[in-house]
Amino acid sequence: MTTSRSSLPALLELQAVDSRLLTRLARAKELQTSEHVAALMARRTQAIAAARELDAAVGQAQDAVQQAEATVVEIQTRIDRDTERLNAGGTSKDLMGIQHQIETLTAQRERAEEAQLQAMDHAEEVAADRERKQPLLRAADAEARAAVAERDAELARLKEEHARLTAERDRRASAITDSPLLRRYDRLRNARGGGRIAVARYENGTCGACGTRLSPADAAALEATPDTAIPQCPECSAMLVL
Ligand SMILES: [Zn+2]
């Protein structure tokens, strides 16, 4: 019959797998709560909003140019119509009235053309502003997407490793037939927040779990542990492989 003690090396192997599982879980948690990715995503959201604002500003400026053009065309149409009426002739009073109307409209057209030029200048400025800012906004978007993709790829890798290690853990645990020993291991391992070293090697008078160098009396007592019992560190209670 195998004694508990002879199962300790297998327990060490199990613990190595459990430690690797914990490392994967900790890394996954770290990735899921990454402030770096969160900050990049916040910047991306701002960049998207800024890009929308720039698009809207360009659209408004283009609308204003079209509006100004339409006003010029409309005034010119009235001038052309009045010019035709003037050419058609009539009483001198009528003709003077039409002439005056044409002068008024011509002054209006000049102001409208001035406004049209200003609208075109403004539209150019707004478009240039968007051209300048767009690469930065696209870069912020791309950087955030890349960071998320990288994080998700690592999470997928961790999930695969976790599944593989869990299967290995189950295999190793079921190979240890001493269930009280397994329970003792789990208890030690999960004490005080978990992830503790439950089994370690005892080498050069030192506990491999807590690093304590045993006093000569403790060392002598440990080394005299009967074969039927499990040697245990007097400091951290870890089971020791002598
Ligand atoms: Zn110890």
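Predicted model: local features only at pLDDT ≥ 70, side-chain atom pairs only at ≥ 80, totals over all residues.
User: Which geometry do the four donor atoms around the zinc ion form?

Analyst: The protein donors are the SG atoms of Cys207, Cys210, Cys233 and Cys236, 2.2 to 2.3 Å from the zinc ion. Four donors count as tetrahedral if all angles lie between 85 and 135 degrees. Here the donor atoms subtend angles of 106 to 113°, so the arrangement is tetrahedral.

User: What is the spacing of the donor residues of the zinc ion in sequence?

Analyst: Cys207 lies in strand β2 and Cys233 in the loop between α5 and β3, 26 residues apart, so that this pair links distant parts of the chain. Both Cys207 and Cys233 are buried. The spacing of the donor residues is C-x2-C-x22-C-x2-C.

User: Is Glu13, which meets Arg172 in a salt bridge, buried, partly exposed or exposed?

Analyst: The side chains of Glu13 and Arg172 meet at 3.8 Å, N to O. Buried means under 20% relative accessible area and exposed over 50%. Because its relative accessibility is 42%, Glu13 counts as partly exposed.

User: Which helices hold Arg169 and Asp18?

Analyst: A salt bridge joins the side chains of Arg169 and Asp18 at 2.7 Å, N to O. Arg169 and Asp18 are both buried. The two residues are 151 apart in the chain, and they lie in helix α3 and helix α1, respectively.

User: How many salt bridges does the structure hold?

Analyst: One of them pairs Arg109 with Glu113 at 3.7 Å, N to O. Both of these residues lie in helix α3, four residues apart. The total for the structure is 17.

Note on methods:
Residues numbered from 1 in each chain as written. Heavy atoms only, no water. Donors = N, O, S within 2.8 Å, 3.2 Å for Na, K, Ca; no water. Tetrahedral: all angles 85-135°; square planar, octahedral: opposite > 155°, others 65-115°. Buried < 20%, exposed > 50% of the residue type's maximum accessible area, 1.4 Å probe, protein only. Salt bridge = Lys/Arg side-chain N within 4 Å of Asp/Glu carboxyl O.
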